[in-house]
Every structure is written in C-alpha cells, then in structure tokens.
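Student: Please take a close look at helix packing in one part of this model. Then set that part in the context of the whole assembly.

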Protein chains: 2
Amino acid sequence: MRIAGIDAARQYVPLEIRFRGQEIGSAYESDVSAVFVSKSEEKRVSGFYDGNGEYAVRFMPSYPEEYKYEITGKSLSAPVSGSFAAKPKVEGFHGVARANGFHFAYSDGVPLRPLGTTAYAFALQPRERVEETFRSLESAPFNKIRFCVFPKHYIHNLKAPFAYPFVGSAAPESADFVWYGGETNFASLGNRFDFSAPNPAYFERLDECILRLMELGIEADLILFHPYDRWGFSNMPHETDIAYVKYAVARFSAFPNVWWSLANEYDLMPQKSVADWDDIGETIESCDAYGHLRSIHNCIPLYDFSRPWVTHCSIQRVDLYKTTELADEFRERWNKPVVFDEIAYEGDIDQGWGALTAEELVRRFWEAATRGAYATHGETFDVPSDVLWWSHGGTLHGESPARLAFLRDVLALAPACGLGAYVKKGWAETAVSDEDGSESFILVYYGFNRYSARDFHLGSGRYSVEILDTWNMTRENAGVRSGDFRLKLPAKPYIAVLLRKE
Amino acid sequence: MRIAGIDAARQYVPLEIRFRGQEIGSAYESDVSAVFVSKSEEKRVSGFYDGNGEYAVRFMPSYPEEYKYEITGKSLSAPVSGSFAAKPKVEGFHGVARANGFHFAYSDGVPLRPLGTTAYAFALQPRERVEETFRSLESAPFNKIRFCVFPKHYIHNLKAPFAYPFVGSAAPESADFVWYGGETNFASLGNRFDFSAPNPAYFERLDECILRLMELGIEADLILFHPYDRWGFSNMPHETDIAYVKYAVARFSAFPNVWWSLANEYDLMPQKSVADWDDIGETIESCDAYGHLRSIHNCIPLYDFSRPWVTHCSIQRVDLYKTTELADEFRERWNKPVVFDEIAYEGDIDQGWGALTAEELVRRFWEAATRGAYATHGETFDVPSDVLWWSHGGTLHGESPARLAFLRDVLALAPACGLGAYVKKGWAETAVSDEDGSESFILVYYGFNRYSARDFHLGSGRYSVEILDTWNMTRENAGVRSGDFRLKLPAKPYIAVLLRKE
C-alpha cells in the first residue's frame with residue numbers, strides 16, 4: 001500500500017509529494033517545510049528526508065476543497081509548488097480523533113469509543129507475521145492498537161527486529177533476557193548506530209502498518225520511546241530525541257489515525273527527566289499541525305496528566321486488584337478522557353501482568369465503560385511458537401475479543417452525543433447515562449455480583465429494558481417499564497441492564 | 001445445657017454459684033461481687049441479679065487448682081463463701097483467646113486462627129431454627145460466629161424475636177422495613193420497655209447459645225449494640241448502656257469463648273459519640289477479669305483501632321473491590337491482629353453486600369490468610385422460606401464452607417508458632433512464611449491469576465512442594481525442590497503453592 005499522490009487527494013486521507021533535493025548526511029538536518037492552503041484551512045507541515053537525495057512532504061486535507069501548496073527549504077534548489085482538488089471523504093474516514101470532554105470524537109464529529117489492543121512490536125516482525133496480524137485485526141473488534149516505533153528487548157522478545165530504525169549495526173541477538181538500565185553503555189554491548197540517520201526501510205514499514213490500520217478503521221497509538229532496549233534507542237541525547245520526534249511528526253502526522261504515546265512506562269527511563277518528557281510533548285504539540293492525541297504511559301507513578309500538552313490519560317493500572325474501577329477518581333482528578341491502556345492481559349504466562357482470565361479482563365472493560373472510561377486489551381498465551389499477541393501480533397487465541405465486540409455493540413446503541421455521565425446507581429454497580437443527564441440511555445453493570453433482583457426507580461419515563469449477559473453475549477428483552485419496579489435477574493456474575501427511553 | 005456448679009468445677013469451663021438475696025427492681029442496682037483465689041490466680045468478678053430474688057456469680061477457673069471464694073454485697077444478708085477443686089482441662093478446651101502479635105492464642109498457648117461466620121440474630125429465632133443452626137454448625141468449619149445480643153429490625157428481619165431483652169412490651173411487627181434513625185422516639189412507635197430490667201428468659205437463651213458454641217469450639221463474637229432497631233435498644237441513655245454492658249460482663253465473661261464486639265456498624269448510631277464508645281470499651285476492659293477480645297465494627301469509617309482498649313481490628317471492607325488485600329496496610333497501621341469481619345456474603349439477594357459468588361468469597365479469605373489476616377463468612381441466599389444464614393442461621397446452602405474447611409486444614413499444617421510474616425512474593429501474589437522469618441512454611445496464593453508457571457528462588461533449603469487447587473480442594477505433590485526452579489502450574493485461577501522445609 002502506498003500513500004496517495006496529489007492526483008488522488010481526498011479529504012481525511014494522507015497524500016504525499018516526493019521530490020529530489022540535496023543529499024544530506026542526517027535526515028535531522030532537513031529544513032524542508034510546506035504550506036497547504038484551501039478555502040477553509042491553512043497548514044504548515046514539515047517535510048522529511050527519506051535518503052538518497054529524496055524528500056517527502058505529507059499532508060491530509062481536512063476539507064473537500066481546492067488546495068494550493070508551496071514547499072520550501074535550503075535543501076531544495078527552488079521552491080516546489082502546485083495545486084490539487086481534494087475529493088470528499090468516503091465512508092469509514094472521519095479524520096483525526098481528538099478529546100471531546102471525557103470522550104473522543106473525529107474531525108467530522110463522529111464519536112470514537114476507543115476499544116484498544118496491544119501488540120508492541122507487531123510492526124517489526126517478519127513479513128508473514130505482519131500479514132497474519134492484519135488478518136486477525138480484520139475480524140477483531142479493536143479500533144486502536146498500541147505499538148512501538150523502536151524494537152523491543154524483553155522476555156519473549158529476544159529475536160532481532162526485521163530491521164533497525166537507524167543506520168548502523170546491532171549487537172548480536174542474546175539468548176537470555178538481560179535488563180539494561182538507561183545508563184548502560186549500549187555501544188560497549190556492540191551496537192554501532194548513527195542516531196541521526198533514520199533508516200528509510202524501517203520507517204516505510206511503519207508507514208505501511210499505520211496506513212493499513214487506517215484502512216481498517218484502527219487508531220495507531222504509536223509509542224515513541226520505551227525502556228525495553230538493548231540497542232540504545234532509549235538512551236539517546238535529549239536533542240537527538242527531539243530531532244527524532246520532529247522526524248516522526250513530519251513522517252506520520254498526515255496519517256489521520258495516529259496517536260502520540262510518548263512512552264511505554266516513562267518512569268523506567270530515569271535517564272529522561274519529567275522536564276525532558278514535557279519538552280517532547282510540547283515539541284509534538286507545536287509541530288503537529290493536526291493536533292493528534294498525546295499522552296504518556298506509566299509503570300508505577302502516573303504522569304501528571306494535567307500538563308497542557310497531555311490530551312488524555314493513558315494509564316497502566318496502579319493497583320493489582322482495583323483497576324478500571326478507579327476511573328471516576330481519575331476523571332475527577334484530571335478532567336480529561338481516561339484510557340486504561342494496561343490493565344493486565346488475558347493469558348496464562350508466568351507473569352503477573354499476563355495471566356488474567358477472559359472473564360476478569362472483560363469485567364475490567366465493563367467497569368471502565370460504565371464509568372465513562374476506556375480500556376485496552378492484550379493477550380499473553382504461552383503458545384508453543386512463542387508468538388504472543390501482546391508483542392508480536394499473530395493470531396488471537398483468547399475468549400475476550402468476542403465479548404469486547406459485544407460490549408462495543410452495546411455502546412453503539414447509545415445516542416450519538418456519547419456516553420459518559422457516570423452515575424453511581426447503587427451498591428457495587430456502575431452506570432453511565434446520557435452525557436446531558438437526560439437519561440434516555442442507561443447502562444448498569446453488576447460486575448462480579450450475582451443478583452437475583454434489583455430495584456429500579458425511573459420516574460415517569462417509559463424504558464425498554466434488556467438484561468445483558470456480558471459473558472454469554474445475550475440480550476434478553478425484559479419489556480417496557482417505568483416508575484419503581486423490581487427486575488428479576490439471573491443470579492449470575494457479569495450481568496448488565498440496558499434501559500432505553502421509548 | 002446448664003452451667004456447671006462448683007461440684008463440677010473444671011479448668012477453662014465456666015461455673016455458676018446461684019443464691020437468693022434481696023429482691024430488687026433493677027438488676028443494675030446489684031452490687032454483688034465475688035473473689036476467687038487459688039494458688040495461681042485471684043480474680044474479682046461481679047455477680048448479677050437474675051430476677052425473683054435470685055443472684056448468680058459465674059467464674060471460669062484458669063488453673064486445675066483448689067479455689068476459695070467469697071461473695072459479698074449489700075443485697076445479701078451475709079457473705080457467701082466456700083471452696084472447690086477445679087479439675088484439669090479436657091481436650092478441646094483452651095481457655096480465653098487473646099491477641100498474640102498479629103494473631104491469636106488461647107490461655108494455654110494454643111494458636112487460634114479465627115475462621116468466622118455471621119448469623120446476627122440466630123440466637124433469637126424460634127427454638128427449631130436454633131436447633132437447626134447448631135446442627136449446621138456441628139459440621140461447618142467455623143470457629144467463630146458473630147451475633148447480636150439485641151434483636152434485629154432490617155430487611156428479611158421483620159418478625160419479632162422469641163422474646164425481648166428487657167421487661168416490657170414491643171410495638172407490633174411491621175410488614176415493611178423502615179429505617180429508624182437513632183434519635184427516633186421509639187416509645188412513640190408503641191414500645192414500652194424498662195431498659196433497667198433485663199429479662200432473664202432472654203439472657204438465658206444467650207447463655208445457652210454461648211455455652212453450646214463453647215462445646216463446639218466456636219468463639220462467640222457477641223455484638224453488644226447495633227443500629228437495626230425498632231424498639232429503642234440502640235438509643236438508651238449512656239449510663240444505661242454502661243449498666244447493660246456491666247451486666248453483660250457479669251453474665252457472660254466466665255464463658256471462655258466470648259469476644260466483645262461493641263458494635264455492628266458503630267457509625268450508623270450517631271446518637272453514640274466516639275467518647276461513648278471509648279467509655280464502653282474501657283468499662284469492659286476494667287470489668288472483665290478475663291481480658292476477652294474487644295473490638296468494634298464499622299459501616300464506612302473504620303474505628304481508631306489504636307485505642308488501648310481495642311485488642312484487634314474488626315473491619316467491614318472499606319472498598320467494594322479491594323477488601324482483604326488491604327490487610328498489609330491495616331497491619332502496618334495498627335500493629336494489631338486484623339479480622340475482616342464483613343467482606344460481603346456468598347449469596348444471590350438484591351443487595352450489594354449479599355451477592356458474591358463462592359469463588360470470590362473464598363478468594364478473599366485466601367488473600368487475607370496469605371497476608372497473615374483473618375476473614376469472616378456469611379451467606380445470603382434468597383431461599384423461599386426467607387431464612388438467610390447471615391441473620392437467622394438455619395442451614396448453609398453455599399459452596400464456600402467446604403472450601404474454607406480446606407483453607408483451615410492447609411493453615412493447620414503451619415508450625416505452631418503461627419502464620420504471619422507476610423512477604424510479598426512477587427507480582428500479584430501473596431505469601432505467608434513463618435513468624436520468625438525462617439521460612440520453613442511458605443504458602444503462596446495466586447488469586448484470580450492463571451499462571452502456567454512461576455519461578456522460585458529458595459536458596460539451599462530442601463522443600464516439599466505441593467500445588468493446591470483452592471477451589472477444587474486438591475493437593476498435588478510436586479516433589480522436593482531447592483534452589484532456583486520453575487514450577488509448572490495448571491493455568492487456572494485460585495491456585496496456591498505450599499512449600500514446607502524437609
């Protein structure tokens with residue numbers, strides 16, 4: 001899959017203009033930028049150097065309008081300019097997701113309810129594995145996937161990636177996992193990388209993956225830094241980090257489905273200070289003409305999500321027992337959308353973060369959803385091939401995805417204004433109602449409780465009532481009810497009640 | 001069953017001396033007291049007036065020795081004195097339970113690991129129900145039961161008790177549950193009670209129940225006050241509360257198995273201040289010659305268990321999701337034994353506190369046990385007869401008691417010094433080792449995690465290893481191991497590993 005040229009320009013679809021210029025040693029020396037102007041918008045974006053004297057500028061038209069552009073830069077012998085007409089958006093393309101109160105909406109106003117999965121290194125696997133992953137994603141319910149730009153060195157992740165992000169050569173594969181702290185001398189391990197020379201072949205793979213995710217309607221929650229490293233990509237000088245981030249923005253920001261996740265587990269990289277992270281976040285905020293979503297993910301201490309550059313909370317659970325149930329606290333604390341991006345994974349490996357039953361993972365999703373928050377899936381089954389979805393992608397083995405599809409379908413019944421006015425409905429149950437408090441849509445979840453009945457007090461409205469078995473994925477019609485009534489329930493865990501005003 | 005007379009005096013068994021004296025209007029006017037002296041102890045205890053000019057003094061010999069006693073009081077025409085020989089204790093009798101570090105031990109040093117249940121009003125039910133309850137307790141694993149002195153007015157508890165604790169007459173039974181706050185004018189509801197005149201027939205029932213529990217080796221966790229009231233017993237003047245409490249101590253403290261629970265949900269009785277509760281606790285501490293265990297149970301805010309009169313923490317869960325997992329925090333905070341006396345019940349009723357699966361309740365017990373704390377069971381099945389074990393006793397219907405017996409049997413394998421040196425063994429798992437840190441007994445629990453394997457690092461000791469399925473109640477021998485090794489596990493929830501030094 002290639003990015004469209006200007007002849008195929010279309011609203012909400014990235015296009016690319018490629019041209020030749022001066023050969024430069026470091027892509028970070030490029031000063032190529034472009035201005036795109038239409039009736040309704042004017043955007044300045046950076047181009048990037050793609051090696052061998054070739055430059056590219058990428059742009060996503062937000063309007064189905066006539067555009068003019070001009071590309072300038074010292075590396076060019078003369079400015080490049082032109083014009084094109086962007087055709088109207090086609091079905092399934094909604095533009096860029098942005099925060100909308102406690103929720104998300106695309107450029108065209110369509111709400112996005114993130115239902116994420118995690119496959120940290122899927123884009124860097126051998127070709128056949130990448131194809132297998134995309135086949136899996138086609139039939140999976142997920143509309144967001146978290147993955148890393150840089151390769152991963154961790155348990156189950158000891159093989160070399162398909163290529164390296166920078167020109168150079170890597171230390172040999174290690175047979176055992178060794179944790180290299182941030183201050184390790186990675187060169188002394190045998191690595192020889194020029195961190196100022198991005199490897200175009202590597203980044204083309206990421207281009208391809210992000211584009212293919214876009215075609216599937218999946219947001220690419222792109223992790224810019226992470227600590228699971230044996231090559232030194234987590235330990236570049238701060239100026240190099242900033243240059244790399246600017247390159248990533250120049251390269252990827254025209255893809256409507258990109259989210260910027262500054263880090264997986266920022267706090268495991270003590271070599272970067274909070275001031276460094278803020279600088280990275282503010283750099284992205286100022287360079288990214290599209291205002292893609294920005295956050296940063298913790299191992300233990302949550303980042304201070306009140307920072308202005310942070311658009312939403314990206315949370316790894318802070319407690320082993322109580323995870324998404326903390327959504328209301330976090331909403332209140334930061335007044336931003338809350339996404340639980342790591343709440344342990346469905347699986348059976350030997351790790352505390354990777355041995356949840358599907359029942360428990362799905363329960364955590366419902367606890368999030370009925371508090372007006374979002375959660376992210378992952379799968380860690382110790383299949384003989386040592387291919388774990390959580391990192392490599394491949395094939396989904398778990399029982400949760402089908403249940404998460406059921407949750408997605410139930411949430412899709414909510415009015416377009418979105419879900420989110422979290423109301424504590426009673427004891428050990430949670431509910432979301434309409435955002436505006438009108439309560440035309442009420443979804444109550446009982447979690448691990450096993451009620452034979454619950455009392456409802458609905459006032460004068462008439463509601464169609466359904467009893468949902470969130471595990472067995474059934475919806476039972478319980479009639480039209482109003483006022484005070486007692487609803488008989490099946491005395492099983494994982495039951496929800498959906499009430500919709502007639 | 002009657003209390004022994006002095007002719008049948010025995011170590012760790014209560015005896016009673018009854019005699020006639022002046023008829024008095026209020027039992028609270030009695031000033032009868034007695035001194036018991038043997039070679040090893042001297043105890044002063046209060047007697048009590050049991051109506052119709054009859055008085056009683058109760059005493060539990062702590063030693064198999066010759067005792068002399070003298071009973072005095074203005075109500076007596078002359079002191080009553082005498083002597084007896086207490087025979088040595090018989091099997092199953094260990095004296096009074098007291099706090100021992102984070103744990104409990106009887107007078108004779110035998111450790112007590114409380115495994116409680118709850119049947120708040122069982123003693124006040126019709127005779128046949130009481131008999132049914134005792135038949136159930138005979139084959140149940142519980143060695144402690146929480147129940148109330150005063151009758152209970154609450155959902156499922158609207159029928160009148162078999163009798164009333166004070167002379168007088170009660171308002172008629174109500175068909176619907178009404179919550180009467182503490183400041184209600186209970187007389188205006190139609191109640192006519194003389195709170196200074198305990199009803200002997202009522203207290204004899206309690207005597208009988210406590211004695212029968214003693215015979216079964218079950219501690220009687222006696223709740224002196226509670227807010228679920230339509231008669232005014234929760235709203236007596238403070239001086240009357242104190243007089244009642246002194247009466248209870250005089251009447252019950254010779255029973256070795258009594259624990260004093262000042263309240264169920266003290267905070268739902270705003271008519272009593274913290275100073276009142278402290279006064280009640282200190283009164284018991286000063287009157288009770290045996291030093292029975294003393295605590296107080298909350299609805300929402302925990303009591304300040306650091307008060308000197310409090311011997312252990314009696315906790316209702318403070319969070320709906322995280323209950324016994326908080327044991328380590330509470331141990332650290334109060335440095336006293338931690339008993340989770342209310343963590344929701346196995347059942348299926350329409351209440352958030354009464355709709356747990358057995359799996360979840362048993363999990364909470366294991367989380368407590370492997371943190372060196374204790375928990376209390378209850379059952380709330382909406383059986384057609386409206387007899388719920390949680391309050392009425394009757395018959396146990398749940399799946400948890402058999403599993404709790406399994407837990408009890410596993411804990412009984414621990415060395416006599418007790419369990420309790422809580423060690424966080426890893427990620428999402430808990431373990432207790434020996435108290436003295438020698439790690440001859442290690443019990444690791446994995447809760448809802450589903451591991452296919454875990455790594456152990458045991459040093460040079462040789463351990464016999466067993467894999468416990470705490471739900472299916474099986475113990476699988478996994479051989480003798482030492483040093484570093486990987487243990488294959490069955491990839492199911494509710495697994496524990498027991499390691500005992502050879």
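Tutor: A crossing is called left-handed if the near helix is turned anticlockwise from the far one by less than a right angle, and right-handed if clockwise. Helices (H or I, at least four residues) and strands (E, at least two) are DSSP runs, numbered from the N terminus. This is a predicted model, in which local features need pLDDT of at least 70 and side-chain atom pairs count only at pLDDT 80 or more, while totals for chains, interfaces and linings use all residues; side-chain values use heavy atoms, with hydrogens and water left out. Residues are numbered from 1 along each chain as its sequence is written, and chains are lettered from A and ligands numbered from 1 in the order in which they are written.

The part to examine is the helix packing around α2 of chain B. Helix α1 (residues 127-139) of chain B packs on helix α2 (residues 200-215) of chain B at an angle of about 15°, their axes being 11 Å apart. Axes here are lines fitted to C-alpha atoms, for helices over the stretch in contact, and angles run from 0 to 180 degrees between N-to-C directions. Angles under 35 degrees count as roughly parallel, over 145 as roughly antiparallel, 65 to 115 as roughly perpendicular and the rest as oblique. α1(B) and α2(B) are therefore roughly parallel to each other, and α1(B) passes α2(B) in a right-handed crossing. Their contact (heavy atoms within 4.5 Å) joins B:R127, B:V130, B:E131, B:F134 and B:L137 of α1(B) to B:R205, B:E208, B:C209, B:R212 and B:L213 of α2(B). By class, it has five nonpolar, no polar and five charged residues, where Ala, Val, Leu, Ile, Met, Phe, Trp, Tyr, Cys and Pro count as nonpolar, Asp, Glu, Lys and Arg as charged, and the others, Gly among them, as polar.

α2(B) also packs on helix α3 (residues 238-252) of chain B, the two axes coming within 11 Å and crossing at roughly 45°. α2(B) and α3(B) are therefore oblique to each other, and their crossing is right-handed. From α2(B), B:P200, B:F203, B:E204, B:L206, B:D207 and B:I210 meet B:Y244, B:Y247, B:R251 and B:F252 of α3(B). That contact has seven nonpolar, no polar and three charged residues.

In chain A, α1(A) passes α2(A) in a right-handed crossing.

The contact between the chains takes 40 residues from chain A and 40 residues from chain B. Because 100% of the interface residues of chain A are also interface residues in chain B, the copies meet through the same surface. The buried area, meaning the accessible area (1.4 Å probe) that two parts lose on being put together, summed over both, is about 3100 Å², with 54% from carbon and sulfur atoms. In chain A, A:Y321, A:W427 and A:R450 lose the most area to chain B, together 26% of what that side buries.
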